[in-house]
Amino acid sequence: MTTIEIEAKAKKDLAEEFEVEETVITPEADIKKTLNLDSLSLVDLVALMEETFGVKIKGTEIVKIKTFAELYDFILARVEESK
């Protein structure tokens with residue numbers, strides 16, 4: 001799986017789950033502001049990404065991820081590790 005594939009799938013799923021337009025989900029955008037996340041919806045984000053990509057994300061890891069580009073890179077690294 002490539003970063004482009006991860007980005008496309010994540011954008012689609014995140015836009016649907018958090019009811020935002022895909023166009024606002026850009027690599028440089030702040031995840032929490034763009035998706036209007038609070039601590040509870042952050043858990044939803046983790047669950048969605050874990051289910052979508054078959055990876056595990058710890059709470060201590062997700063709070064360090066600020067932008068969508070960082071999220072895509074993190075997921076790519078986890079997908080690569082699981083091969």
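Colleague: Is Lys9 buried, partly exposed or exposed?
Modeller: This is a predicted model, in which local features need a pLDDT of at least 70 and side-chain atom pairs count only at pLDDT 80 or more, while totals for chains, interfaces and linings use all residues. Residues are numbered from 1 along each chain as its sequence is written, and side-chain values use heavy atoms, with hydrogens and water left out. Buried stands for under 20% relative accessible area, exposed for over 50%, and partly exposed for what lies in between (1.4 Å probe, protein chains only). Because the relative accessibility of Lys9 is 35%, this residue counts as partly exposed.

Colleague: Why does the pair of Glu61 and Arg78 tie together parts that are apart in sequence, and by how many residues?
Modeller: The side chains of Glu61 and Arg78 meet in a salt bridge of 2.5 Å, N to O. Glu61 belongs to helix H4 and Arg78 to helix H5 (residues 68-81), so the parts that this pair ties together are apart in sequence by 17 residues.

Colleague: Which residues are linked with Arg78 in a network of salt bridges?
Modeller: Arg78 also forms a salt bridge with Glu81, where the closest N and O atoms are 3.5 Å apart, and these two residues of helix H5 are three residues apart, or about one helical turn. The residues linked with Arg78 in the network are Glu61 and Glu81.

Colleague: How many salt bridges does the count come to by this rule?
Modeller: In general, side chains of opposite charge can pair when their charged atoms come close. By the rule already stated, the count of salt bridges comes to three.

Colleague: What is the phi of Asn36, which is not a glycine?
Modeller: Asn36 has its place in the loop between H2 and H3, and at 67% relative accessibility this residue counts as exposed. Glu19, found in the loop between H1 and H2, counts as exposed at 74% and has a positive phi of about 55° although it is not a glycine. For Asn36 the phi is likewise positive, at about 55°.

Colleague: Which element of the protein has the highest mean pLDDT?
Modeller: pLDDT is the predictor's confidence in each residue, from 0 to 100. The protein averages 94, and 100% of the residues score at least 70. Among the elements, helix H4 (residues 59-62) has the lowest mean, 89, while the highest, 97, belongs to H2.

Methods
Helices (H or I, at least four residues) and strands (E, at least two) are DSSP runs, numbered from the N terminus. A salt bridge is a side-chain nitrogen of Lys or Arg within 4 Å of a carboxyl oxygen of Asp or Glu.
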